[in-house]
Amino acid sequence: MSIKKQINLIKAQIGKNVCLVAVSKTKTELKIKEAYDSGQRVFGENKVQELVSKQNNLPKDINWHMIGHLQRNKVKYIAPFIKLIHGVDNMKLLREIDKQARKNERVIDCLIQIKISNEESKFGIDYKEANEWLKTDLLLNFKNIRITGFMGMASNTNNELILSKEFSTLNNFFNMHENTNLKTLSMGMSNDYLLAIKNGSNMIRVGSNIFGARK
Ligand SMILES: *Cc1c(COP(=O)(O)O)cnc(C)c1O
């Protein structure tokens, strides 16, 4: 199916209240342009170098999201334009984002990544630590960062019971803290986005279902 058809299909499934992040990592600018021409404006990348070069070459009204693990020394390259950073999971990184945002006279939106899966490879902080971040004034020190919600990556499994449990636990946590600033819950990828939405997600990150499998 064409990229345009896939996007329209997913948009029809998810409705207007869920934001679709088209994950374009490893995909060519031509393919991204195809998605853009069918109306898609939000794209997610996970490598800084690739993200910067695509941002440079593609239309300027694209909202770029950083969805991967972000290294502190690379924040400066994306700070001028990045719309949302999904994977924030340590204070040193927050401090650097705040510093680079201030240099660019911007306020950068960030999601706290919570580790919702037991898999070793997944990043994120646990609920206890996230609670501490939110209860204290810690985050208020960062004047050039706005924490706008949470991001979670579920286990790499087809077991819907496990997935539902991971999603719904994060959703409960989100519901406890939701306010005018904390309004985004980013969870769900190609294989599990419908289940994620059932469990409260309002931002999904979909790559292979739009652009085809990655090598
Ligand atoms: C690659 C990636 C996705 C998209 O994965 P698909 O299975 O291709 O939809 C979503 N979120 C993150 C953090 C990713 O790295």
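Analyst: Buried means under 20% relative accessible area, exposed means over 50%, and partly exposed lies in between. The model discussed here is predicted.

User: How are the rings of F150 and F173 arranged, stacked or edge-to-face?
Analyst: The structure holds four aromatic pairs. In the pair of F150 and F173, the ring centres are 5.2 Å apart and the planes meet at 65 degrees. Planes over 60 degrees apart count as edge-to-face. The angle is 65 degrees, so the pair is edge-to-face.

User: How many residues apart are F150 and F173?
Analyst: F150 belongs to strand 6, residues 145-152. F173 belongs to helix 7, residues 160-177. The pair links distant parts of the chain, and its separation is 23 residues.

User: Which residues do ring pairs link into a cluster?
Analyst: F150 and F173 are both part of it.

User: At what distance from the ring centre of Y36 does R41 lie?
Analyst: R41 sits over the face of Y36. Its distance from the ring centre is 3.6 Å.

User: Which residues have the most contacts inside the largest nonpolar core?
Analyst: This core has 59 residues. I97 is one of the residues that I85 touches, and others include M66, L70 and I108. The residues with the most contacts inside the core are I85 and I97.

User: How many residues are in the second, separate core?
Analyst: Its members include V42, L111, M151 and M203. The count for this core is six.

User: Which side chain has an N or O atom 2.8 Å from an oxygen atom of the ligand?
Analyst: The residues around the ligand include K25, M151, S208 and R214. The side chain of K25 has an N or O atom 2.7 Å from a ligand oxygen. For S208 the value is 2.7 Å. The 2.8 Å distance belongs to R214.

User: Where is I67 found?
Analyst: I67 is one of the residues around the ligand. At 12% relative accessibility, I67 counts as buried. I67 is found in the loop between strand 3 (63-66) and helix 4 (75-78).

User: What separates the C-alpha atoms of I67 and M151?
Analyst: I67 touches M151, and also V23, E45 and R205 among others. Along the chain, I67 and M151 are 84 residues apart. Their C-alpha atoms are separated by 9.2 Å.

User: Which side chain does a polar contact of 2.6 Å join to that of E45?
Analyst: The 2.6 Å polar contact joins the side chain of E45 to that of S24.

User: What is the phi of T26, about how many degrees?
Analyst: T26 is in the loop between strand 1 (19-23) and helix 2 (29-37). At 55% relative accessibility, T26 counts as exposed. T26 is not a glycine, although its phi is positive, at about 70 degrees.

User: Near how many degrees is the phi of E105?
Analyst: E105 lies in the loop between helix 5 (91-103) and strand 5 (108-114). With 75% relative accessibility, E105 counts as exposed. This residue is not a glycine, and its positive phi is near 50 degrees.

User: How far apart in space are K99 and N144, C-alpha to C-alpha?
Analyst: K99 is in helix 5. At 40% relative accessibility, K99 counts as partly exposed. K99 and N144 are 45 residues apart in sequence, and their C-alpha distance is 7.6 Å.

User: How far from a polar atom of the side chain of N159 does the backbone nitrogen of L161 lie?
Analyst: N159 lies in the loop between strand 6 and helix 7. At 35% relative accessibility, N159 counts as partly exposed. From a polar atom of its side chain to the backbone nitrogen of L161, the distance is 2.9 Å.

Conventions: Residues are numbered from 1 along each chain as its sequence is written. This is a predicted model: local features need pLDDT of at least 70, side-chain atom pairs count only at pLDDT 80 or more; totals for chains, interfaces and linings use all residues. Side-chain values use heavy atoms; hydrogens and water are left out. Rings of Phe, Tyr and Trp (its six-membered ring) pair if their centres lie within 6.5 Å; planes under 30 degrees apart count as stacked, over 60 as edge-to-face and the rest as tilted. Helices (H or I, at least four residues) and strands (E, at least two) are DSSP runs, numbered from the N terminus. A charge sits over a ring if NZ of Lys or CZ of Arg is within 6 Å of the ring centre and within 35 degrees of the ring normal. A nonpolar core is a set of buried Ala, Val, Leu, Ile, Met, Phe, Trp, Tyr and Cys residues joined through side-chain atoms within 4.5 Å. Buried means under 20% relative accessible area, exposed over 50%, partly exposed in between (1.4 Å probe, protein chains only). Contact means heavy atoms within 4.5 Å. A residue is near a molecule or strand if one of its heavy atoms lies within 4 Å of it. A polar contact is a pair of N or O atoms within 3.5 Å; within protein, one must be able to donate a hydrogen and the other to accept it, and residues adjacent in sequence count only if both atoms are side-chain atoms. Lists of a residue's contacts leave out its neighbours within four places in sequence.
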